[in-house]
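Visitor: I'm new to this one. Can you put it up and walk me through?
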Amino acid sequence: MAMLQVDLRQLSGGAATTSATLAPDDPVFSVLAFEFAEPVEIDGVLRETADGNYFWRGHVYTAVAGECRRCLEPALQVIDEDIELLFSANPELLDDPSVYALPEPVMTIDVASAVREEIALKVSAFPLCRPGCKGLCANCGADMNAGPCACTTSGTTN
Ligand SMILES: [Zn+2]
Ligand SMILES: [Zn+2]
């Protein structure tokens with residue numbers, strides 16, 4: 001965690017490398033409505049911009065555990081994304097919902113919490129176990145990925 005909490009006194013106009021692998025059950029993720037199936041790998045650099053804001057550019061890799069919306073089998077959702085974060089204490093910039101607010105006085109930047117929010121935005125509420133999952137038969141509940149069920153072979157349409 002410590003490496004994702006950047007003390008800005010140590011940044012002093014330069015850049016700070018932020019890199020950590022967080023456990024799926026790290027407390028920072030406790031507010032999420034979903035669970036990770038793999039550790040969350042975060043790797044990036046935080047820089048102070050010329051206009052006094054802070055810009056983080058990095059990469060996140062993890063996998064989210066879920067259930068296929070069509071067939072209810074486990075559906076793993078891989079998150080493998082480049083992420084850019086802008087942190088600012090400037091009220092004019094904070095009208096933009098993609099900008100993370102910094103409370104004054106600005107002492108530290110919590111990269112982990114912001115990355116958590118970005119992951120939450122990228123996680124689908126409708127995961128599928130595979131592209132084009134055929135789902136369950138509405139009539140008998142059979143997994144249609146395993147092949148036609150008795151309903152379809154007897155001529156009943158779904
Ligand atoms: Zn499925
Ligand atoms: Zn059926």
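Visitor: How far apart do the C-alpha centres of domain 1 and domain 2 lie?
Guide: They lie 42 Å apart. Domain 1 covers 2–127 and domain 2 covers 134–158. Those bounds come from an automatic or database domain assignment. This is a predicted model, where local features need pLDDT of at least 70, side-chain atom pairs count only at pLDDT 80 or more, and totals for chains, interfaces and linings use all residues. Residues are numbered from 1 along each chain as its sequence is written, while chains are lettered from A and ligands numbered from 1 in the order in which they are written.

Visitor: Now helix 2. Which residues are buried there?
Guide: V111, A112, V115, R116 and I119. Buried means 20 or more other C-beta atoms, placed from the backbone, within 10 Å of the residue's own; 12 or fewer is exposed, and in between is partly exposed.

Visitor: What covers them?
Guide: Strand 4 (40–48) and strand 5 (54–65) are among the elements that do. Helices (H or I, at least four residues) and strands (E, at least two) are DSSP runs, numbered from the N terminus.

Visitor: Switching to L46. Buried or exposed?
Guide: Buried, because L46 has 22 C-beta neighbours inside 10 Å. L46 is in strand 4.

Visitor: What does L46 touch?
Guide: Leaving out residues up to four places away in sequence, its contacts include V6, W56 and V111. Contact means C-beta atoms, placed from the backbone, within 7 Å.

Technical notes:
Two residues are in contact if their C-beta atoms, placed from the backbone, lie within 7 Å.
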